[in-house]
Amino acid sequence: MATAVPPAASRIAVVTGASSGIGAATARRLAEAGYRVVLTARRKDRIEALAEEITAAGHAATAYPLDVTDRAAVDEFATAFKTVGVLVNNAGGALGADPVATGDPDQWRTMYETNVLGTLNLTQALLPKLDASGDGTVVVVSSTAGHATYEGGAGYVAAKHGAHVLAETLRLEIVGRPVRVIEIAPGMVRTDEFALTRFDGDTEKAAKVYQGVAQPLTADDVADTIAWAVTRPPHVNIDLLVVRPRAQASNTKVHREP
């Protein structure tokens, strides 16, 4: 006889990169859905404030400062759990927009370590806990950059292709085990920090990314998509969900108002 899956209220959802943007919005959504959310990020003050906000709203949240690229720290983090219901691999980001010929290898390395190895670290460390839950879900927040190239984005594109392939391969390797692998690939999302970080704090360059686009996606739009995919019945796996604003037909085709 199959073991009954425990309700969301008794289950843990770990969200990486939860200090801002999509990660923070996802933590709020999953808490509202009844999960006990564990917020991880390097910025301790941010995740502690978010945990307080979620708790004040009547939900359960815990903050745990963590650098996903530090494997020893990730392994230590994993020892805190017997089971985990959901892992949302959201930590990542883009640096620079230089062509391949002049791209900064250090930026490429940082993007690969965060977007790919960070996802690998958390997934490897928590996979036994997800298995033990009897109904685990791994979410990889990739990007449309993981499915198509564009000029000036090769370092980020390469990293997000790596995240996509990680999710796709993991799904093949663990089929038959009680763990789903979901990939959410957002297109143009306007958050407070993504473009600003990419252009090293240059507000003018960051603003141009969204110039003329009436309604880019918001972090909450993507979080809503993640929460929907996670809360499908256990036998339903959303392998890959690409979500873009209506104004964006592809990575290189965007309608901009004059």
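Analyst: First, the contact rule: two residues are in contact when heavy atoms lie within 4.5 Å. Helices (H or I, at least four residues) and strands (E, at least two) are DSSP runs, numbered from the N terminus. This is a predicted model, so local features need pLDDT of at least 70 and side-chain atom pairs count only at pLDDT 80 or more, while totals for chains, interfaces and linings use all residues. Residues are numbered from 1 along each chain as its sequence is written, and side-chain values use heavy atoms, with hydrogens and water left out.

Let's zoom in on helix α1. Twelve residues make up α1, and from its first C-alpha to its last it reaches 17 Å, close to the 16 Å expected at 1.5 Å a residue (the expected span is 1.5 Å times one less than the number of residues). The buried residues of α1 are I22, G23, A24, A25, T26, A27, L30 and A31; buried means under 20% relative accessible area, exposed over 50%, and partly exposed in between, using a 1.4 Å probe and protein chains only. Those buried residues pack against β1, β2, α2, β4 (86–89) and α8. After α1 comes G34, with a positive phi near 105 degrees.

What does R29 of α1 pair with? R29 meets D220 in a salt bridge, N to O at 2.7 Å. That pairing ties together distant parts of the chain, with D220 in helix α8 (residues 219–230) and R29 in α1 (residues 21–32), 191 residues apart. A salt bridge here is a side-chain nitrogen of Lys or Arg within 4 Å of a carboxyl oxygen of Asp or Glu, and the count by that rule is eleven. As background, side chains of opposite charge can pair when their charged atoms come close. R29 is partly exposed at 24% relative accessibility, and D220 is partly exposed at 36%.

α2, one of the elements α1 packs against, has a salt bridge of its own: K44 and E48 meet at 2.8 Å, N to O. Both sit in α2, four residues apart, or about one turn of the helix. K44 is partly exposed at 45% relative accessible area, and E48 is partly exposed too, at 33%. Back at R29, salt bridges with shared partners join R29, D220 and D224 into one network.

Which charged side chains go without a salt bridge? R180 is one of them: it is buried, and the nearest side chain of opposite charge, D135, is 4.6 Å away. (Lys and Arg count as positive, Asp and Glu as negative; His and the chain ends are not counted.) R180 lies in strand β6, and its side chain reaches the backbone oxygen of P233 at 3.2 Å. That is a polar contact: a pair of N or O atoms within 3.5 Å, where within protein one must be able to donate a hydrogen and the other to accept it, and residues adjacent in sequence count only if both atoms are side-chain atoms. Leaving out residues up to four places away in sequence, R180 touches residues including A229, V230, R232 and P233.

K129 is another buried residue without a salt bridge, with D75 as the nearest side chain of opposite charge at 9.7 Å. K129 is in helix α4, and a polar atom of its side chain lies 2.9 Å from the backbone oxygen of F81. With residues up to four places away in sequence left out, K129 touches A78, F81, K82, T83 and V84.

A78 brings us to helix α3 (residues 71–78), where the buried residues are V74, F77 and A78. Down the axis of α3, they fall within an arc of 100 degrees, so they line one face of the helix; the arc is taken over the directions from the helix axis to the C-beta atoms. The face of α3 turned away from that buried side carries the exposed A72 and E76. Among the elements covering the buried residues of α3 are β1 (12–15), β2, β3 (61–65) and α4 (105–132).
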